[in-house]
Amino acid sequence: VPRLRALLAGLVLTAPAFTSVLAAPAPACAAGPGPRAALVVDTGASVTTYCVALGASSVDGLELIRLAGRQHGLAYSFGFGGQAVCSLAGVGPSGGDCFAEYPDFWGFWRGNGSGGWSWSSSGAGGVSVGGGDIEGWTWGSGDSGSTHPAPPALAFDDVCEPSGGGGAGSGGGSGGAGGSQGGGDSGGGDAGLVEPGNDEEAAGSDDGAQSEGRSPSRSKAEPRRERDRPTPSPSERAAPDGPDIRAAGARADDPPGGPPAATYLAVVAIAVLVVGGRLRLRSRGPAR
Amino acid sequence: VSAERGSRHPGAWIAWSTGAGACAFVTTNPVYLLVLGAVAWFVYASRRVPGPTARSFRVFLIAGLMTMVVRTALVVLGTVTVEATVFAALEGLRLAAILVIFGAFNAVTDPFGVVRLAPRRFHEPALAAALALSIAPRTVASVQRVREAQRLRGIRISPWRALPALAVPVLENGMEDAVMLAESMDARGHGRGRRTRYRPQAWSPAAVVTVAAAALAAAAFIWAAFGGWAELHPPTSPLGWPEVDTWLVGAVLLLAVPGFGPEGER
């Protein structure tokens, strides 16, 4: 038993050091001249786009979301060990089980750069996003690219201005985004074409069907959002939005600073059981 | 041994360990898992069968802690973040809780008593299962016998060199055990359809209560897992405090019920 106690104590003492040493330092990413990628988040009710400064030549799909959270205040939470996207912009399950609201879940799409989308065959943690890439996330049901709703037809230039400057040229950008809005629908409607390897075809059909409208609520919500969000002003970018990100993980009813009340009950129960068991062992004698 | 007066029907302990295992299986919430571990410890302390098998609890506890450490260390293979480390540690804690529950089960009941419960046609698979279940406690007991024998003969070996010196007699013991078991089964007419049931054990009220408590606890957790009314997997990315449901804490505490009551009985 003393050896066990030493082992436990050792674990407790080393655990924080272990995690703090291994924790990757958060890179400070301001929107600079470096490579940028576009991120499209489609909750089904509204579409928001983010122009994200990568801070490296390429990042993985999950890091892109973290960067969007840091630079633009996108609320997100990951699950399954940080390998899957549970919630974005407040939509989706808040726990660690990203399929808690199945059949609805966040589908991951990769853009071909000219408005077409292909269903990603690998997880966001396993793809590499470089400068000029566009990635999309849509909330909805359907387990494949043919049934899951696709993001609206957007190209990298619709989200990030070619000029490369912070907030410059946002008016032009939003115009482009608005124009391609209608086409987004056909991306969803013709989603059968939007399969990995069929990007060209899918993009072509999008262009041909631009006049088709989306559901009324969506087409109303989008242009305004698009105009507001594509490139926030430099001041917005400079302020990393920490509290927003946390809010995505915590529920409204538990205080962010400490454990909920039932935890104390559990701690008391553990103490009583451990001490009670110890007393019982002692009263029954060591060897019988 | 299991038919001793005051002992609980082995079926009650099967139900208890299955229920507790089901609770641990569906959650990675550290609060529920730690309460489960404490409950297993309490039940072990109150109801262990005296003898070498009772020591298997400690072995399983250590195995559980090692599992947790190894599971956490495996994070190094992927992208190392605080979130991933915490997630892996919680997964490891779940495995550790299941191992501790299994250790308690091993310590409170005789695995061979379990075999007798199987319907006649399933006797042989049940025997194989009981043998598999009892390998750990029997090995622990065997290791202790061999070390004692070595100590009595004045053989002092450093702990690391002791492994080969220990492995051979322990394996030999295992073989002997198996041969003896086979002989005794043959002598009792196993495999020839001549088996009779000797002194079937009755279901005491305590055993029935144990089964009911385990079933309730497991039902609450499975309901929560499928109904989604409580958070069984705390968010790990970004990290947040696990949400704890009072009802589920109560459900886990139900599993401690078989530990209460007069100490003479099991």
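A contact is defined here as heavy atoms within 4.5 Å. In chain A, 60% of the contacts between residues at least 6 apart in sequence join residues at least 24 apart. The model is predicted, and local features need pLDDT of at least 70, side-chain atom pairs count only at pLDDT 80 or more, and totals for chains, interfaces and linings use all residues. Residues are numbered from 1 along each chain as its sequence is written, chains are lettered from A, and side-chain values use heavy atoms, with hydrogens and water left out.

The secondary structure of chain A consists of nine helices and nine strands (DSSP runs numbered from the N terminus, helices being H or I of at least four residues and strands E of at least two). Of the 288 residues in chain A, 45% are buried (buried is under 20% relative accessible area, exposed over 50%, and partly exposed in between, with a 1.4 Å probe and protein chains only). Chain A has an accessible surface of about 13000 Å², and carbon and sulfur atoms account for 60% of that area (Shrake-Rupley method, 1.4 Å probe; for residues, only the protein chains shown count as cover).

An open sheet of five strands in chain A has the order S2-S1-S9-S6-S7, with mixed pairing (two strands pair if DSSP finds at least two bridges between them). Its edge strands, each pairing on one side only, are S2 (47-53) and S7 (117-119) of chain A. From one strand to the next, the twist averages 25°. Helix H2 (residues 61-72) of chain A packs on the sheet and touches S1, S2 and strand S9 (134-140). The direction of H2 makes about 95° with that of S2(A) (axes are lines fitted to C-alpha atoms, for helices over the stretch in contact, and angles run from 0 to 180 degrees between N-to-C directions).

Strand S1 (residues 36-42) of chain A runs antiparallel to S2(A), and seven bridges join the two. The two strands form a hairpin with four residues between them, and Gly44(A) in the turn has a positive phi of about 95°. Within this pairing, Val40(A) has Thr49(A) as its bridge partner, and Ala38(A) stands opposite Cys51(A). S1(A) also pairs with S9(A), in the parallel sense and over five bridges; here Val40(A) is opposite Gly136(A).

In a regular strand the side chains alternate between the two faces of the sheet. In S1(A), Arg36(A), Ala38(A), Val40(A) and Asp42(A) point one way and Ala37(A), Leu39(A) and Val41(A) the other, and all are buried. Because seven of its seven residues are buried, S1(A) is largely enclosed by the rest of the structure. S2(A) is likewise covered on both faces, with Val47(A), Thr49(A), Cys51(A) and Ala53(A) buried on one side and Thr48(A), Tyr50(A) and Val52(A) buried on the other.
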